[in-house]
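Welcome! Take a moment to look over the sequence and the model, and then let us walk through them together.

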Amino acid sequence: MAKQLIAKSPTAAKPSTKPKLTFDPSVFLKTDGPGRTVGKYRKDQPIFSQGAAADVLFYIVSGTVKIVVHSEQGKEAVIALLGQDDFFGEGCLAGQSHRLSAATAITDSEILRITKPVALKTLREQPAFSEVFVSHILARTIRVEADLIDQLFNSSEKRLARALLLLANFGNDGKPQRVIAKVSQEMLADMIGTTRSRVSHFMNKFRKMGFIDYNGHLVIHSSLLNVVLHDQPHIAGVKSVEGKGTLKGL
Ligand SMILES: Nc1ncnc2c1ncn2[C@@H]1O[C@@H]2COP(=O)(O)O[C@H]2[C@H]1O
């Protein structure tokens, strides 16, 4: 049975007093309720398209979602691959009326949709929910900043190595291993801003050097970190990168 959204507080055990109610964001984000529903999306099923009306906040209960921008010239850029516990579509909360990018499930996924009024009300009234949401947005800002530095300063070989390492760590804190979602060379090229043939060239090189394997599944070895870490872009005034030698420092 689903956990109660409103759980009894441990301090409210006295029989004569009304039980104190606590809000549990992890239950709120995984169950249906007023203004929110958990939907199942199949692999390759669109969630919203670029230019569509924006009035819902999304949260990934399970699965993987690709965020893509299409240019008027027909170019496509994959700007993010999002996984379990990520929010997306939050632009509507800041007054954005239409989606600036498209979202598609790339594996079978379970996704919570929260209407804009309910998302705003919950952010206002439930500090525990605001905390989860703000942490997510801060982590996103840091990641977008790192992605921008990567695009500006790194070679396409290093951008590919970083993208593979980040993908391999998708959804877990352990050592990089298997890439969970099946990611084509085309998608990798759209993520790092290069051509599929360059991706193919570097993947071959990484395989020959023993940094990756791809027999059916793409497996990333932590030795691939060497490609990225041996020549970090130097940011003036920053002496060391937090987590250097691990994925945190990428
Ligand atoms: N660089 C990015 N990294 C992660 N998610 C993004 C990025 N850019 C856009 N998104 C998500 O894609 C969503 C598209 O719809 P919104 O603009 O409402 O909200 C956007 C974000 O949630």
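How far is an oxygen atom of the ligand from an N or O atom in the side chain of Arg99? In this predicted model, that distance is 2.9 Å.

## Contacts with the ligand

For a nitrogen atom of the ligand, look to Arg140, which has a polar side-chain atom 3.4 Å away. On its own the ligand has 450 Å² of accessible area, and the protein covers 86% of that.

## The shell around the ligand

In total, 15 residues surround the ligand, and the closest are Gly89, Glu90, Gly91, Gln96 and Arg99. By type, the shell is made up of eight nonpolar, four polar and three charged residues.

Two elements each give two or more residues to this shell: strand 7 (76-82) and helix 3. Strand 7 contributes the most, with three residues.

## The annotated domain

UniProt, in an unreviewed entry, lists residues 41-140 as "domain: Cyclic nucleotide-binding". Over residues 41-140, 24% of the chain is helix and 37% is strand.

## A look at Asn154

Is Asn154 buried or exposed? Its relative accessibility is 9%, so Asn154 counts as buried. The side chain of Asn154 also makes a polar contact of 2.6 Å with the side chain of Asp150.

Note on methods: Residues are numbered from 1 along each chain as its sequence is written. This is a predicted model: local features need pLDDT of at least 70, side-chain atom pairs count only at pLDDT 80 or more; totals for chains, interfaces and linings use all residues. Side-chain values use heavy atoms; hydrogens and water are left out. Buried means under 20% relative accessible area, exposed over 50%, partly exposed in between (1.4 Å probe, protein chains only). A polar contact is a pair of N or O atoms within 3.5 Å; within protein, one must be able to donate a hydrogen and the other to accept it, and residues adjacent in sequence count only if both atoms are side-chain atoms. UniProt positions are given in the numbering used here, feature names are shortened, and annotations may be inferred rather than shown by experiment. Helices (H or I, at least four residues) and strands (E, at least two) are DSSP runs, numbered from the N terminus. A residue is near a molecule or strand if one of its heavy atoms lies within 4 Å of it. Accessible areas come from the Shrake-Rupley method with a 1.4 Å probe; for residues, only the protein chains shown count as cover. Ala, Val, Leu, Ile, Met, Phe, Trp, Tyr, Cys and Pro count as nonpolar, Asp, Glu, Lys and Arg as charged, and the others, Gly among them, as polar.
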